[in-house]
Amino acid sequence: MAGEQAERTTIDAAEVAQFAAIADEWWDPRGKFKPLHKFNPTRLAYLRHRIGAHFGKNAAEASPFAGLRVLDIGCGGGLLCEPMARLGATVVGADAAERNVKVAAVHAEQSGLSIDYRHTTAEALAAAGERFDIVLNMEVVEHVADINLFMAACAAMVKPGGVMVTATINRTLKAFALAIVGAEYVLGWVPRGTHHYDKFVRPSELAAALRLTGMAISEYTGVSYNPVADEWRLGKDLDVNYMAFATRPA
């Protein structure tokens with residue numbers, strides 16, 4: 001049993017390789033990560049408001065996250081790490097793809113930002129005793145090999161009174177039609193094969209994965225694309241993209 005436990009990993013090698021292959025395009029707003037660049041302002045506004053409210057910070061201040069330590073797990077090229085650092089947070093960005101981390105580190109240096117980027121996994125960070133006020137778990141869970149292990153490792157790193165924000169895709173027919181058929185095959189927003197329907201995560205499954213960690217989801221927020229306005233908006237529709245705000249009691 002101990003041997004089986006030691007072999008468990010959150011890493012899906014094929015998923016890591018796929019993102020590593022296009023790592024050089026992370027900061028190209030017209031490249032393969034164009035959807036994330038358009039999505040980023042919406043999720044950042046949500047984080048600034050919701051996390052600020054949780055910690056009693058004034059979101060209107062220039063550095064509302066000063067004094068808070070943040071982990072962006074599955075950070076990719078650092079699209080969220082950099083704005084979080086600009087908001088005053090002490091940021092650690094971790095990714096299983098070494099090439100992603102290298103791209104992120106170079107861009108941060110060019111931007112004059114101090115961000116601690118690491119080529120590692122959630123379970124390794126948790127085992128090392130790392131602790132954070134905020135864990136950002138954004139667009140990652142639908143790419144890992146073991147969601148229960150991944151969520152347990154992420155939750156273990158949240159300090160008492162801290163939060164974890166998870167963004168992912170619901171496993172619904174609507175999500176299949178929009179996130180896979182539409183985004184990958186019709187519109188070409190992301191490379192074909194980026195998403196796999198069977199790895200999409202229902203809100204109830206996310207809650208179940210957290211049930212034994214001492215954390216609980218207090219809020220779900222839907223994120224929908226409006227083609228007329230060409231923008232992403234927050235709302236109550238969880239059928240495709242959604243975010244979950246989880247807290248650990250102080």
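In what order do the strands of the open sheet follow one another? In this predicted model, local features need pLDDT of at least 70, side-chain atom pairs count only at pLDDT 80 or more, and totals for chains, interfaces and linings use all residues. Residues are numbered from 1 along each chain as its sequence is written, and side-chain values use heavy atoms, with hydrogens and water left out.

View 1. The 8 strands are arranged as E3-E2-E1-E4-E5-E8-E6-E7, with mixed pairing; strands (E, at least two residues) and helices (H or I, at least four residues) are DSSP runs numbered from the N terminus, and two strands pair if DSSP finds at least two bridges between them. Strand E3 (116-119) and strand E7 (231-235) are the edge strands, each pairing on one side only. On average, neighbouring strands of this sheet are turned by 20° against each other, direction ignored.

**View 2. Strands E6 and E7.** Strand E6 (residues 216-226) and E7 run antiparallel and are joined by 5 bridges. Asn226 has Glu231, in E7, as its bridge partner.

**View 3. Helices against the sheet.** Helix H5 (residues 98-110) packs on the sheet and touches strand E2 (90-95) and E3 (contact means heavy atoms within 4.5 Å), and its direction makes about 165° with that of E3. Helix H7 (residues 147-156) lies across strand E1 (69-73), strand E4 (132-138) and strand E5 (158-169), and runs at about 145° to E5. Axes are lines fitted to C-alpha atoms, for helices over the stretch in contact, and angles run from 0 to 180 degrees between N-to-C directions.

**View 4. The salt bridge of Glu130 and Arg118.** The closest N and O atoms of this salt bridge are 2.7 Å apart, the term requiring a side-chain nitrogen of Lys or Arg within 4 Å of a carboxyl oxygen of Asp or Glu. The pair links distant parts of the chain, with Glu130 in the loop between helix H6 (122-127) and E4 and Arg118 in strand E3, 12 residues apart. Glu130 is buried, at a relative accessible area of 15%, whereas Arg118 is partly exposed at 23%; buried means under 20% relative accessible area, exposed over 50%, and partly exposed in between (1.4 Å probe, protein chains only). Arg69, Asp116, Arg118 and Glu130 are linked in a network of salt bridges.

**View 5. The salt bridge of Asp133 and Lys159.** The side chains of Asp133 and Lys159 meet at 3.8 Å, N to O, joining strand E4 to strand E5 across 26 residues of separation. Asp133 is buried at 12% relative accessibility, while Lys159 is partly exposed at 28%.
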